[in-house]
Amino acid sequence: MELTNENVLGKIIEQFGEENITDAVNPDGIMTFQTNRQTIHELIKYLRDDEKLQISFLTTMCGIHYPEQKDRELCMMYQLHSLRHNYRLRIKVYFPISDPVMPTLTDLYATANWMEREAYDFYGIVFAGHPNLIRILNVEDMEYHPMLRQYPLEDQTREDKVNTFFGR
(Lines give C-alpha, C1' and ligand atoms only; values in the text may rest on other atoms or scores of the structure.)
Protein backbone atom coordinates (compact mmCIF):
# COMPACT_ATOMS: atom_id res chain seq x y z
CA MET A 1 0.00 0.00 0.00
CA GLU A 2 1.45 3.36 -1.00
CA LEU A 3 0.80 5.91 1.70
CA THR A 4 -0.49 9.28 0.57
CA ASN A 5 -1.58 12.13 2.80
CA GLU A 6 -5.18 11.72 1.70
CA ASN A 7 -5.55 8.00 2.33
CA VAL A 8 -3.67 8.12 5.65
CA LEU A 9 -5.80 11.02 6.88
CA GLY A 10 -8.97 9.22 5.75
CA LYS A 11 -7.94 6.08 7.63
CA ILE A 12 -7.20 8.09 10.80
CA ILE A 13 -10.50 10.01 10.63
CA GLU A 14 -12.37 6.75 10.04
CA GLN A 15 -10.78 5.31 13.18
CA PHE A 16 -10.98 8.35 15.50
CA GLY A 17 -13.73 10.57 14.06
CA GLU A 18 -13.75 14.08 12.62
CA GLU A 19 -14.34 15.56 16.06
CA ASN A 20 -10.90 14.29 17.19
CA ILE A 21 -8.89 15.00 14.02
CA THR A 22 -9.00 18.66 12.95
CA ASP A 23 -7.22 21.35 10.94
CA ALA A 24 -5.43 19.01 8.55
CA VAL A 25 -2.93 20.78 6.32
CA ASN A 26 -0.04 19.77 4.13
CA PRO A 27 2.35 22.75 4.34
CA ASP A 28 5.60 21.04 3.47
CA GLY A 29 4.56 17.64 2.14
CA ILE A 30 4.07 16.31 5.67
CA MET A 31 0.46 15.69 6.68
CA THR A 32 -0.12 17.87 9.75
CA PHE A 33 -3.25 17.86 11.89
CA GLN A 34 -4.48 18.51 15.41
CA THR A 35 -5.98 16.20 17.96
CA ASN A 36 -6.67 16.38 21.69
CA ARG A 37 -5.15 15.05 24.89
CA GLN A 38 -7.78 12.34 25.22
CA THR A 39 -6.97 10.88 21.77
CA ILE A 40 -3.20 11.31 21.35
CA HIS A 41 -2.01 8.15 23.12
CA GLU A 42 -4.42 5.80 21.35
CA LEU A 43 -3.81 7.57 18.03
CA ILE A 44 -0.05 7.12 18.18
CA LYS A 45 -0.47 3.51 19.34
CA TYR A 46 -2.79 2.91 16.38
CA LEU A 47 -0.31 4.44 13.91
CA ARG A 48 2.47 2.27 15.32
CA ASP A 49 0.50 -0.99 15.40
CA ASP A 50 -1.55 -0.75 12.18
CA GLU A 51 -0.17 -3.35 9.72
CA LYS A 52 -0.75 -1.17 6.64
CA LEU A 53 0.45 2.15 8.02
CA GLN A 54 3.49 1.01 10.04
CA ILE A 55 4.22 4.57 11.21
CA SER A 56 6.43 3.23 13.94
CA PHE A 57 9.27 5.71 14.52
CA LEU A 58 8.77 8.64 16.90
CA THR A 59 11.17 11.15 15.38
CA THR A 60 10.40 14.21 17.47
CA MET A 61 8.16 15.45 20.22
CA CYS A 62 8.60 18.94 21.50
CA GLY A 63 6.80 21.69 23.36
CA ILE A 64 5.81 25.04 21.89
CA HIS A 65 4.56 28.14 23.71
CA TYR A 66 2.01 30.48 22.12
CA PRO A 67 1.32 33.08 24.86
CA GLU A 68 -1.13 35.03 22.68
CA GLN A 69 -3.50 32.05 22.20
CA LYS A 70 -5.99 32.08 25.09
CA ASP A 71 -6.56 28.57 26.51
CA ARG A 72 -4.22 27.15 23.83
CA GLU A 73 -0.93 28.57 25.10
CA LEU A 74 0.95 25.27 25.10
CA CYS A 75 1.35 22.76 22.30
CA MET A 76 2.99 19.35 22.05
CA MET A 77 4.10 18.53 18.54
CA TYR A 78 4.78 14.92 17.52
CA GLN A 79 6.51 13.84 14.31
CA LEU A 80 6.35 10.21 13.30
CA HIS A 81 7.91 8.29 10.43
CA SER A 82 7.16 5.04 8.66
CA LEU A 83 10.55 3.62 7.79
CA ARG A 84 8.88 0.95 5.65
CA HIS A 85 6.94 3.43 3.50
CA ASN A 86 9.18 6.52 3.94
CA TYR A 87 6.16 8.52 5.07
CA ARG A 88 6.06 11.27 7.72
CA LEU A 89 3.24 12.64 9.85
CA ARG A 90 3.00 15.63 12.23
CA ILE A 91 0.43 15.85 15.04
CA LYS A 92 -0.23 18.84 17.31
CA VAL A 93 -2.10 18.99 20.61
CA TYR A 94 -2.95 22.40 22.09
CA PHE A 95 -3.91 22.92 25.73
CA PRO A 96 -4.05 25.70 28.35
CA ILE A 97 -0.96 26.68 30.32
CA SER A 98 -3.11 26.48 33.47
CA ASP A 99 -3.50 22.70 32.89
CA PRO A 100 -0.17 21.57 31.38
CA VAL A 101 -0.78 17.81 31.57
CA MET A 102 -0.31 15.31 28.72
CA PRO A 103 -0.33 11.52 28.75
CA THR A 104 3.07 9.88 28.59
CA LEU A 105 4.16 7.87 25.57
CA THR A 106 6.93 6.06 27.44
CA ASP A 107 4.89 2.85 27.37
CA LEU A 108 4.90 3.03 23.54
CA TYR A 109 8.37 4.44 22.82
CA ALA A 110 11.46 4.32 25.04
CA THR A 111 12.76 7.46 23.34
CA ALA A 112 9.73 9.43 24.60
CA ASN A 113 11.34 9.32 28.06
CA TRP A 114 14.02 11.88 27.21
CA MET A 115 11.84 14.02 24.94
CA GLU A 116 9.13 14.30 27.61
CA ARG A 117 11.71 15.20 30.24
CA GLU A 118 12.99 17.96 27.95
CA ALA A 119 9.45 19.34 27.39
CA TYR A 120 8.90 19.27 31.15
CA ASP A 121 12.22 20.97 31.83
CA PHE A 122 11.78 23.80 29.33
CA TYR A 123 7.99 24.28 29.17
CA GLY A 124 6.61 22.81 32.40
CA ILE A 125 4.50 20.20 30.62
CA VAL A 126 3.71 17.34 33.00
CA PHE A 127 3.43 13.86 31.49
CA ALA A 128 1.02 11.73 33.50
CA GLY A 129 2.46 8.26 34.02
CA HIS A 130 6.07 9.16 33.19
CA PRO A 131 8.43 6.90 35.19
CA ASN A 132 10.99 9.61 36.12
CA LEU A 133 9.82 13.11 35.24
CA ILE A 134 12.72 15.28 36.40
CA ARG A 135 14.70 18.03 34.74
CA ILE A 136 17.12 16.84 32.10
CA LEU A 137 19.29 19.89 31.27
CA ASN A 138 18.59 22.57 33.88
CA VAL A 139 19.37 22.40 37.58
CA GLU A 140 16.81 20.61 39.75
CA ASP A 141 16.00 23.61 41.96
CA MET A 142 15.23 25.96 39.05
CA GLU A 143 11.80 27.48 39.70
CA TYR A 144 10.84 28.47 36.18
CA HIS A 145 10.75 26.97 32.70
CA PRO A 146 13.12 28.94 30.44
CA MET A 147 11.38 28.43 27.07
CA LEU A 148 8.11 29.99 28.20
CA ARG A 149 7.84 33.45 26.69
CA GLN A 150 7.18 35.19 29.99
CA TYR A 151 9.88 37.80 29.78
CA PRO A 152 10.94 40.27 27.07
CA LEU A 153 13.94 39.17 25.04
CA GLU A 154 15.81 42.38 25.81
CA ASP A 155 16.16 44.55 28.88
CA GLN A 156 13.55 47.28 28.37
CA THR A 157 15.57 49.76 30.47
CA ARG A 158 18.65 49.76 28.22
CA GLU A 159 19.26 53.25 26.91
CA ASP A 160 21.64 52.18 24.16
CA LYS A 161 18.70 50.47 22.43
CA VAL A 162 16.54 53.61 22.12
CA ASN A 163 15.33 53.95 18.52
CA THR A 164 16.57 57.56 18.23
CA PHE A 165 20.15 56.26 18.45
CA PHE A 166 19.52 54.21 15.31
CA GLY A 167 17.87 56.94 13.19
CA ARG A 168 14.37 55.51 13.61
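(Helices, meaning H or I runs of at least four residues, and strands, meaning E runs of at least two, are DSSP runs numbered from the N terminus.) You are looking at a predicted model, where local features need pLDDT of at least 70, side-chain atom pairs count only at pLDDT 80 or more, and totals for chains, interfaces and linings use all residues. Residues are numbered from 1 along each chain as its sequence is written, and side-chain values use heavy atoms, with hydrogens and water left out.

**Helix α1**

- Helix α1 covers residues 5-16, which is 12 residues.
- From its first C-alpha to its last, α1 reaches 16 Å, close to the 16 Å expected at 1.5 Å a residue; the expected span is 1.5 Å times one less than the number of residues.
- Which residues of α1 are buried? They are N5, V8, L9, I12 and F16, where buried means under 20% relative accessible area, exposed means over 50%, and partly exposed lies in between (1.4 Å probe, protein chains only).
- Looking down the axis of α1, you find these buried residues within an arc of 95°, so they line one face of the helix. The arc is taken from the directions that run from the helix axis to the C-beta atoms.
- E6 and E14, on the other side of α1, are exposed.
- What do the buried residues of α1 pack against? Their partners are β1 (22-25), β2 (31-35), α2 (37-49) and β5 (87-95).

- Strands β1 and β2 pair in the antiparallel sense over two bridges; for two strands to pair, DSSP must find at least two bridges between them.
- T22 has Q34 in β2 as its bridge partner.
- Five residues sit between the two strands of this hairpin, and G29 takes a positive phi near 90° there.

**The nonpolar cores**

- The largest nonpolar core has 38 residues, and L47 and Y78 touch the most other members. Such a core is a set of buried Ala, Val, Leu, Ile, Met, Phe, Trp, Tyr and Cys residues joined through side-chain atoms within 4.5 Å.
- Two or more residues of this core come from each of α1, β2, α2, β3 (57-65), β4 (74-82), β5 and α3 (112-123).
- Setting aside neighbours within four places in sequence, Y78 is in contact with a list of residues including I40, I44, L58, M61, L89, V93 and L105. Contact here means heavy atoms within 4.5 Å.
- R90 and T60 are also among the contacts of Y78.
- There is a second, separate core of five residues, and I64, Y66, C75 and M77 are among them.

**Salt bridges**

- How many salt bridges does the structure hold? It holds seven, each being a side-chain nitrogen of Lys or Arg within 4 Å of a carboxyl oxygen of Asp or Glu.
- One of them joins the side chains of K11 and D50 at 3.6 Å, N to O. K11 lies in helix α1 and D50 in the loop between α2 and β3, so this pair ties together parts that are 39 residues apart in sequence.
- K11 counts as partly exposed at 22% relative accessibility, whereas D50 is buried at 14%.
- Another joins the side chains of D28 and R90 at 3.1 Å, N to O. Since D28 is in the loop between β1 and β2 and R90 is in strand β5, the pair ties together parts that are 62 residues apart in sequence.
- D28 is partly exposed, with a relative accessible area of 47%, while R90 counts as buried at 12%.
- K45, R48 and D49 form a linked network of salt bridges.
- D71 and K70 also form a salt bridge, with their closest N and O atoms 3.9 Å apart. K70 is exposed, with a relative accessible area of 68%.

- D71 has a positive phi near 65°, though it is a residue other than glycine.
- You can find D71 in the loop between β3 and β4, where D71 counts as partly exposed at 45% relative accessibility.
- Q54 is not a glycine either, and its phi is positive at about 50°.
- Q54 lies in the loop between α2 and β3 and is partly exposed, with a relative accessible area of 26%.
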